Amino acid sequence: MVSIICTLRHHSDEVSCCAFSPSVLATCSGDKTLRLYGTADFSELPFSPLSGHGYGVHCCCFSSCGRYLLSCSTDGSTVVWSPETGEVSAELRHPARSALRVCAMAPDSSLVLAGACDGTVALWDLPSRTLRRCSAVSEASVVACCFSPCGQMFVTGCTNGDLKLWDLMDIDLLHAEKDAHDLGVTCCCSASQFEVDCVMKLLHALTSQSAPVLSCAFSSDGELVASGSVDKSVAIYDANMGTLLYSLKQHDRYVTAVALSPTMPWIATGSMDRTVNVWRIGDGVSIAAAESRQTVCQGRKLPDHSRRLVAEWLEEDVQTWLCEEGLQELVSIFKANNIDGPELNQLSKETATELGIESVGLRRRLLRKIEALKAEQSGSEAPDEFLCPITRELMKDPVIAADGYSYERESIESWIRGKNKSSPMTNLPLQTLLLTPNRSLKMAIARWKSSQFDGSSF
């Protein structure tokens, strides 16, 4: 059956993608970062997180050899990383700076492909770091792409529901499936053993999930296919028979990412609940038992406080948080003074001094950690309408653009300065660049912040 190995809770925004190499699990998020974990014990690597993107990261994937890690973002860039050191090997920019939603690497690691919101795909030669082609493939946003196993063709999927097969050399259309999915394509992938001709035909329609599917992946041998859904479930199928093998229900929100290890019977699932679950397939443990047992990760029990607001923390939660943040020397002081979540919220420079924290550097580090904690929980727990669509961060100065959507002023101004004169949400041209302050939204955010943190300031 299937059992949970561990749950990873390091991202501060929704998880958008997961990817395995033989030795590393990579995850990416709307919090603009990638996080890397060693598959020996799923502990985070010393150089993680990777912070090279200006906006949320939509997709990540490894080259077949595991030497490269790709990521792409709303900032219009595809970054090539070394998964061994975390260093940037190359930064590939879309020529029109269009937001990128998906990326893929050719089987021989020579080419990088990325799909953009303006309906184009960009193709780069990786060894020379040069753009080979940028071609329009759809009138809608390209949100899915993958190479064929032979590396001579690639597939694109778009928000209008079309699925298309292209010749790699000249980017000629070989086959098109109009309205392959009536609500739009959200993902696509290829199994390594499939022989791709110039025609696509339907083998199986996998329909066990009750809501739209957001992610899918094959196992390295092509025997299994997994999918994540808006119904919060993960389905694992026999790819040859098209039959459901397992249904996993552990996430609290939409499952946005699935990945299968190329060497081990593991599957990673990421969600809008900001967690990544790593599962073991085939160890005989029932799904019900896996869901009910206590999950252990990196040698310690996962903290319950990570799902609650600071104002709800007990004294023990605060002490656990101090240890997690490298402030172990303060545990005895906080314990002696019975500092719980509400007290932590109110803690200031003056009260830190009153507690007897004599080191100026330690006091400042503590206060920085508290402010970062407040900002993280504020952005991650906030209603979606309070978050900027570009950065996915809580807005401080919301403005209304010509497309009718509200953005953080700094973010939309930066978007426009980057020669993006189209809407980040609709991809249609902005009729005017005038920005109108959204005072009612700003007041609503202020009221919400006060209610969350008992009136404490940021």
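Predicted model: local features only at pLDDT ≥ 70, side-chain atom pairs only at ≥ 80, totals over all residues.
Two strands count as paired if DSSP finds at least two bridges between them. Strand S22 (residues 266-271) is joined to S23 by 5 bridges, and the two run antiparallel. One of the facing positions is tryptophan 266, whose bridge partner in S23 is arginine 280. Between S22 and S23 lies a hairpin with 4 residues separating the strands, and here arginine 274 adopts a positive phi near 75°.

S23 also pairs with strand S1 (residues 2-8), again in the antiparallel sense, through 6 bridges. In this pairing leucine 8 sits opposite valine 276 of S23. Strand S23 itself, spanning residues 276-281, is mostly covered, with 5 of its 6 residues buried. As background, strands of a sheet pair through backbone hydrogen bonds, either parallel or antiparallel.

A further sheet is worth a visit. This open sheet consists of 4 strands in the order S17-S18-S19-S20, with antiparallel pairing. Strand S17 (213-218) and strand S20 (243-248) are at the edges and have a single partner strand each, so one side of each is left without a neighbour in the sheet. From one strand to the next, the twist averages 20°. S17 and strand S18 (residues 224-229) are held in antiparallel pairing over 5 bridges, and alanine 217 stands opposite alanine 226 in S18.

Attention now turns to the aromatic rings. A pair of aromatic rings is described by the distance of the centres and the angle of the planes. The model contains 4 aromatic pairs. One of them is formed by tryptophan 313 and tryptophan 321, a tilted pair with 6.3 Å centre to centre and 55° between the planes. Tryptophan 313 has a relative accessibility of 3% and therefore counts as buried; tryptophan 321, at 3% relative accessibility, is likewise classed as buried.

Another pair brings together phenylalanine 386 and tryptophan 448. Their ring centres are 6.3 Å apart and their planes meet at 75°, so this pair is edge-to-face, because planes over 60 degrees apart fall into that class. Phenylalanine 386 belongs to the loop between helix H6 (360-381) and strand S26 (398-400), whereas tryptophan 448 lies in helix H8 (residues 439-452), so the contact ties together parts that are 62 residues apart in sequence. With a relative accessibility of 9%, phenylalanine 386 counts as buried. Tryptophan 448 is buried too, its relative accessible area being 12%.

How values were computed: Residues numbered from 1 in each chain as written. Heavy atoms only, no water. Phe/Tyr/Trp six-rings, centres within 6.5 Å; stacked < 30°, edge-to-face > 60°. Buried < 20%, exposed > 50% of the residue type's maximum accessible area, 1.4 Å probe, protein only. Axes fitted to C-alpha atoms, helices over the stretch in contact; angles between N-to-C directions.
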